[in-house]
Amino acid sequence: LATVSINGNLSMVYYQDFVLEGFEGGLETQALLFAVFLTLYMVTVLGNLTMTVVITLDGRLHSPMYFFLKNLSFLDLCYSSVIAPNALANFFSPSKVITFAGCATQLFFFSLLVTTEGFLLGVMAYDRFMAICSPLHYPVTMCHSACTRLVLGSYCGGCLNSVVQTTFTFRLPFCSSNRINHFFCDVPPLLQLACGNTTINKLLLFGICGLIIMGVALVILISYGYITVTILRMRSAAGRRKVFSTCGPHMTSVALFFGTVFVMYAQPGAIESMEQGKVVSVFYTLVIPMLNPLIYSLRNKDVQEALQRLGQKHMEPG
């Protein structure tokens, strides 16, 4: 809605749509950004679909670690798809319009999937802790039903945060403008458009996101603390290398994901610095989902061998 003056009287005008302003620049800049976004998104889709298919089809990868990795690939594919197609369409769109309902829907699913991924990274750290520090109890503790419950719990946590953020954001009156200074609907740029009191929204954003980040980070740090102690006690150099090869990719993903999410959502200056926010958002909406399949496959012999087996199977005649 907007407040306008007609003959000295205040009247309320309701916006039916938002405008996603995206990135500044002329036609050449927009074309370059379109090419970058399209390349990142295509590689993201190809990489995560490949990981999902390989883990599903190869029986040797039907273990808890790869079950979680398949879910991670699914989340990366989904939340990049919530953002990228609409962003690509807007690069050459004269209007760049998104409806009120469309904006709310995009925010809901993006928040749901990103928060779920944060919880899932914590679950994956716990899985590595159980596999390395308690191998005898691992098959029982991390049975299929337990893994399924952990994934569903991650989705429930993501859904709860998404419902809170979306509900409180779209209860605000948007009367200063309908032009969102971003390339997708997110809480910080939407709060800039609100003409009501956003104190509660900011507290919810920083409080809940900060709590999630700190909680998951604590689980990861404790898990890898025990893992490090276990590695140092190993006498076999080959055993230590194998542990590092399975834990290294996960730690890389954790550092990339939580580093960018913290910069965007868990520090007070995030609301005001939208230009920085756009760059950071590109990183965790497209770059990280693109990198994750590469991170988990380049140094993982099991995945590489599964890819080779799948390739040889399809090349066989008949």
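Hi everyone, a quick word on the ground rules. Residues are numbered from 1 along each chain as its sequence is written, and because this is a predicted model, local features need pLDDT of at least 70 and side-chain atom pairs count only at pLDDT 80 or more, while totals for chains, interfaces and linings use all residues. Side-chain values use heavy atoms, with hydrogens and water left out.

Let's start with the whole protein. The secondary structure comes to 10 helices and five strands; these are DSSP runs numbered from the N terminus, with helices being H or I of at least four residues and strands E of at least two. Of the 318 residues, 47% count as buried. Buried here means under 20% relative accessible area, exposed means over 50%, and partly exposed is in between, with a 1.4 Å probe and protein chains only. The accessible surface is about 15800 Å², and 68% of that belongs to carbon and sulfur atoms; those areas come from the Shrake-Rupley method with a 1.4 Å probe, and for residues only the protein chains shown count as cover. Among contacts between residues at least 6 apart in sequence, 77% join residues at least 24 apart, where contact means heavy atoms within 4.5 Å.

Now for the record. An unreviewed UniProt entry places the feature "transmembrane region" at several stretches, including residues 67–87 and 203–227. UniProt positions are given in the numbering used here, feature names are shortened, and annotations may be inferred rather than shown by experiment. In the model, residues 67–87 are 100% helix and 0% strand, with end C-alpha atoms 31 Å apart. Residues 203–227 are also 100% helix and 0% strand, and their end C-alpha atoms lie 35 Å apart.

On to the cysteines. How many disulfides does a search of the whole structure find? The search finds one, taking a disulfide as a pair of cysteine sulfur atoms within 2.5 Å. The partners are Cys-103 and Cys-185, with sulfur atoms 2.0 Å apart. Cys-103 sits in helix H3 (residues 100–133) and Cys-185 in the loop between strand S5 (179–180) and helix H6 (187–193), so the bond ties together parts that are 82 residues apart in sequence. The torsion about the S-S bond is about -120 degrees, which means the disulfide is left-handed. Cys-103 is buried at 0% relative accessible area, and Cys-185 is buried at 0% too. By contrast, Cys-159 is in no disulfide, and the nearest cysteine sulfur, that of Cys-156, is 7.2 Å away. Cys-159 is partly exposed, at 32% relative accessibility.

Three strands form an open sheet in the order S4-S3-S5, with mixed pairing; two strands pair if DSSP finds at least two bridges between them. Strand S4 (97–99) and S5 are the edge strands, each pairing on one side only. Strand S3 (residues 17–20) runs antiparallel to S4, and three bridges join them. Asp-17, for instance, has Thr-99 in S4 as its bridge partner.

Is Arg-128 buried or exposed? Arg-128 counts as buried, at 10% relative accessibility. Leaving aside residues up to four places away in sequence, Arg-128 touches Met-65, Tyr-138, Tyr-224, Ile-227, Thr-246 and Cys-247.
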